[in-house]
Amino acid sequence: GTAFKLLAMLHSPYGRTVMLDVDTEMCESMESAFDMLSRYDFAATMAPILFHEDSPLPIHRCDAAVSIQDSAPADELVAQHNTAVVLFRSVPAVMDMLRRALECARKLPLPFKDQAALRHALHMSRGVRVLTLPPMYECRAARSCT
């Protein structure tokens, strides 16, 4: 969960990208999810928890332009996506959002800074069509899918 994932996404040479954690095991084709990028700009599964237990991150911490009063009520309502399985289109709105997330991640001393920063950036972004993938796209079971 580091800022390196965000940096890698920013440097994707492709118009459509699937980024997977190194420990992700593919059990079935992701073609149907990849096809959703014709309707959405960014897709990821939900994080198992809203905040990392040791590192609560109100959204306003990364953006000085957003006051505590403006963002605090929304904190609990804003989804946090997991960065283990991410699909995205390299369109300007997504690239701007990823740059914002990377800038935020560099400021955070958190172990899961990529997810917290992505949450902030998606919340602050306009024009990024986000799809939350169902849990079947990221099985967190202790055993493999074979």
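**Two helices**

Start with α4 and α5, which are oblique to each other (angles under 35 degrees count as roughly parallel, over 145 as roughly antiparallel, 65 to 115 as roughly perpendicular and the rest as oblique). This is a predicted model, where local features need pLDDT of at least 70 and side-chain atom pairs count only at pLDDT 80 or more, while totals for chains, interfaces and linings use all residues. Residues are numbered from 1 along each chain as its sequence is written, and side-chain values use heavy atoms, leaving out hydrogens and water.

Select residues 92–105 for α4 and residues 113–124 for α5: their axes come within 8 Å and cross at roughly 135 degrees. Helices here are DSSP runs of H or I with at least four residues, and strands are E runs of at least two, numbered from the N terminus.

**On to the strands**

Next, select β3, residues 81–89. Nine of its nine residues are buried, so β3 is largely enclosed by the rest of the structure (buried means under 20% relative accessible area, with a 1.4 Å probe and protein chains only).

What joins β1 to β3? Five bridges do, with the two strands running antiparallel. Select Val18 and you'll find its bridge partner in β3, Leu87.

Finish at β2, residues 42–46, which runs antiparallel to β3 and is joined to β3 by four bridges. Here Met46 has His81 as its bridge partner in β3.

Note on methods
Axes are lines fitted to C-alpha atoms, for helices over the stretch in contact, and angles run from 0 to 180 degrees between N-to-C directions. Buried means under 20% relative accessible area, exposed over 50%, partly exposed in between (1.4 Å probe, protein chains only). Two strands pair if DSSP finds at least two bridges between them.
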